[in-house]
Amino acid sequence: MAMGCGIVSIDLLVAGQPVASAVLFWLAVVVWVVLAVRWIGAPTSAVREFSSPAALGCVAATAVLGARIAGQWHAAVAAAAVLLVVALVVLGVLLWPVLSHWTTPTVGGSFLVTVATQGVAGLAAVLAAAYRADWLLYAAIVLFAAGLAGYLVVLWQFDFGSVGTGAGDQWVAGGALAISTLAAAKIAASTATLGVFGGGSGGGGSRLAAVDDVALALWCGAMAWLIPLVVSEFIRPRLGYHVLRWATVFPVGMYAACSFAVGQVTGIGGITDFARIWTPIAVAVTLIVLIGLTRRALRGGGVS
């Protein structure tokens with residue numbers, strides 16, 4: 001939930017809706033704090049959850065909140081840096097338990113390995129530009145490459161039939177590529193700001209253009225995923241609330257976020273136009289799932 005509300009909050013902020021963005025941001029913060037307290041004092045039954053790829057959602061949520069803070073409050077960039085450290089530590093702690101309990105064929109939730117890694121990579125790239133830290137940008141590039149490699153491994157083992165039968169997490173298959181796109185775009189933007197690959201002689205400009213091209217190519221790949229994901233929702237409507245629908249909210253919101261970022265670094269207006277059109281869709285999906293969660297809670301069904 002924190003992931004979904006956090007990324008849609010970023011969409012609204014970029015789209016020029018600061019009030020609505022703030023509402024979702026603080027909702028995401030509250031959920032993140034509640035989950036953090038629960039996990040810190042987790043009983044044995046909750047610790048078992050740490051071996052599931054779903055556990056890595058907390059890493060992505062932390063990175064998204066850090067990116068949201070850095071995107072609006074430049075004076076609070078230190079808070080975003082703290083969240084980056086937290087996300088890195090938690091990723092390091094959880095990665096081995098998740099990989100050691102890996103099961104195949106993989107499903108949508110399995111792509112959270114990539115989502116978590118790319119979330120950290122994207123935040124590192126943003127902070128690299130903020131702190132003028134070349135080393136942090138190089139770290140972001142390494143994480144980005146690792147996230148892409150992980151995506152290919154999960155995709156190779158993926159049960160494509162789950163696109164039509166999943167309860168909501170099938171969207172993460174596309175969302176993982178979308179957040180990879182966002183990370184690539186943030187790396188491209190930071191590369192331009194720091195002048196790491198651009199400027200000077202020796203083909204620096206062409207290397208900088210190549211970084212932009214990577215972001216654009218990944219965006220095209222993510223968009224290719226969008227078609228079967230949307231079509232499957234019409235062929236087999238899944239209208240009742242399910243906790244895995246929060247795994248739909250995040251990818252839907254991520255499509256707008258990555259499109260805003262790619263449109264900015266490539267200067268292609270059509271991509272930015274898509275992001276502006278898609279943002280209200282992401283908001284609508286978020287509200288529908290929130291209403292479903294609220295109705296379930298009021299009926300005594302809990303908040304999961």
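These legends describe close-up views of a predicted model. Local features need pLDDT of at least 70, side-chain atom pairs count only at pLDDT 80 or more, and totals for chains, interfaces and linings use all residues. Residues are numbered from 1 along each chain as its sequence is written, and side-chain values use heavy atoms, with hydrogens and water left out.

**View 1. The second largest pocket and its lining.** The volume of the second largest pocket is about 760 Å³. Its lining has 38 residues, and those closest to the pocket centre are Ala67, Gly71, Val126, Lys186 and Gln264. Two or more lining residues come from each of helix 1 (2–14), helix 4 (57–72), helix 6 (112–131), helix 9 (172–194) and helix 11 (246–266). By type, the lining divides into 25 nonpolar, 10 polar and 3 charged residues. Rolling a probe the size of a water molecule over the atoms shows where empty space is left. A pocket here is an open set of points on a 1 Å grid over the protein atoms alone, where a 1.4 Å probe fits, with protein on both sides within 12 Å along at least five of seven lines; lining residues have an atom within 4 Å of a point. Grid points are joined across faces, edges and corners, and the volume is the space filled by probe spheres set on the points. Ala, Val, Leu, Ile, Met, Phe, Trp, Tyr, Cys and Pro count as nonpolar, Asp, Glu, Lys and Arg as charged, and the others, Gly among them, as polar. Helices are DSSP runs (H or I, at least four residues), numbered from the N terminus.

**View 2. Gln264 and Ala261 in helix 11.** Gln264 is found in helix 11, and Ala261 lies in helix 11. Gln264 counts as exposed because its relative accessibility is 64%, whereas Ala261, at 6%, counts as buried. Buried means under 20% relative accessible area, exposed over 50%, and partly exposed in between (1.4 Å probe, protein chains only). Gln264 and Ala189 are 75 residues apart in sequence, with 8.5 Å between their C-alpha atoms. Ala261 and Ile288 are 27 residues apart in sequence, and their C-alpha atoms are 26 Å apart.

**View 3. The salt bridge between Glu233 and Arg245.** The structure holds 1 salt bridge. Glu233 forms a salt bridge with Arg245, and the closest N and O atoms are 2.8 Å apart. Glu233 lies in helix 10 (residues 204–235) and Arg245 in the loop between helix 10 and helix 11, so the pair ties together parts that are 12 residues apart in sequence. Both Glu233 and Arg245 are buried. A salt bridge is a side-chain nitrogen of Lys or Arg within 4 Å of a carboxyl oxygen of Asp or Glu. Side chains of opposite charge can pair when their charged atoms come close.

View 4. Pro105 is found in the loop between helix 5 and helix 6. The peptide bond from Thr104 to Pro105 is cis, with omega near 0 degrees. Arg132 is found in the loop between helix 6 and helix 7. Phi of Arg132 is near 55 degrees, which is a positive value in a residue other than glycine. Arg132 counts as exposed because its relative accessibility is 53%.

**View 5. Tyr138 in helix 7.** Tyr138 is placed in helix 7 (residues 134–156). Its relative accessibility is 41%, so Tyr138 counts as partly exposed. Tyr138 and Val196 are 58 residues apart along the chain, and their C-alpha atoms are separated by 9.5 Å.

**View 6. Ala297 in helix 12.** Ala297 is found in helix 12 (residues 269–298). Ala297 is partly exposed, with a relative accessible area of 34%. Between Ala297 and Pro280 there are 25 Å, C-alpha to C-alpha, and the two are 17 residues apart in sequence.
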